[in-house]
Amino acid sequence: MAVLICPVCKKTLLKSDISMKCENGHCFDISRKGTVNLLLSGKARHGDDKRMVDARKSFLDKGYYSPLRDRLTALAVKYAENGCTILDCGCGECYYTADISAALPGCEIIGIDVSKEAVNRGASRHAGICLAVASVFDIPLADHSCDIVFALFSPFSGSEYLRVLRPGGIYITAFPLENHLFELKQAVYDKPYRNTVSPLEVEGFTLIENSECRFKAELTSNADISALFEMTPYCYKTSAADRAKLDRLEKLTVSAEFGIAVYRSITSL
Ligand SMILES: [Zn+2]
């Protein structure tokens, strides 16, 4: 059973039917979906809204990114031991988390995301995941309580990963490579740019494995093309005129190109 900690005083949260409470009386309601909101008011961060979550769920459910999902689940199976605890930081609506959970029924799977909408959808996708609305910069888990941390396309929070991982724990990440979705950018921008890929070195971790996952996704409807564009970090920065170029596009083949890196933690901070 995953042990969540109070975001206020960091004491263990104990679960009742309707809430989670620490010994100091800080109390957090459990939603009808079984998720708990541990974001403190005033500290709330912008998470994906309902429209973005719906677009992403609809796109991912069609299987366009299943090659990546399969690779990530295979890595979870490779590094997990029976009974171990796996945290998915920025789990979204649990497309990847649910597949990992299904493949590892003997493990404890926890997902956190700042988007309440995404977390509630995640609860519908797979019942076996412990889900909380929380920030990756303030993870509601005790020190050294996790064996594996996944952080897929979420903001990097290295010191928190090191804190919650046991010494020698595993950190797995995926990130877009230079030409990821270049065709989508070509369709929108006059001067499409390539992604910048950060160096693989991460303080506090040793890189033990890295690979690439490249495949083509053949989008066959305007709804899917729009949904994919909604998922990109540059969507909000795009002018209405550029965005409108997608309106009449019904077919597009895009290159999906991801880097995947696996690290072992060297020590705790
Ligand atoms: Zn407390």
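Predicted model: local features only at pLDDT ≥ 70, side-chain atom pairs only at ≥ 80, totals over all residues.
Which exposed residues does α2 carry on the face turned away from its buried side? They are A74, V77 and K78.

**Helix α2**
- Spanning residues 66–79, α2 has 14 residues, and the 20 Å from its first C-alpha to its last is close to the 20 Å expected at 1.5 Å a residue.
- The buried residues in α2 include L68, L72, L75 and A76.
- Viewed down the axis of α2, the buried residues fall within an arc of 100°, so they line one face of the helix.

**What covers the buried face**
- Two of the elements covering the buried residues of α2 are β5 (85–89) and α3 (95–103).
- The cover also includes the strands β8 (146–152), β9 (165–176), β10 (205–219) and β11 (252–265).

**Strand pairing around β11**
- β11 pairs with β9 in the antiparallel sense over 7 bridges, and here I170 stands opposite R264 in β11.
- β11 also pairs with β10 in the antiparallel sense, over 14 bridges, and T206 stands opposite R264 in β11.

**A look at M52**
- You will find M52 in helix α1, which covers residues 50–61.
- M52 has 19 other C-beta atoms within 10 Å, while a buried residue needs 20 or more, so M52 counts as partly exposed.
- M52 and E203 lie 151 residues apart along the chain, and 32 Å separates their C-alpha atoms.

Conventions: Residues numbered from 1 in each chain as written. Helix = DSSP H or I, 4+ residues; strand = E, 2+ residues; numbered from the N terminus. Expected span 1.5 Å × (residues − 1). Buried ≥ 20, exposed ≤ 12 C-beta atoms within 10 Å, placed from the backbone. Arc of directions from axis to C-beta. Contact = placed C-beta atoms within 7 Å. Pairing = 2+ DSSP bridges.
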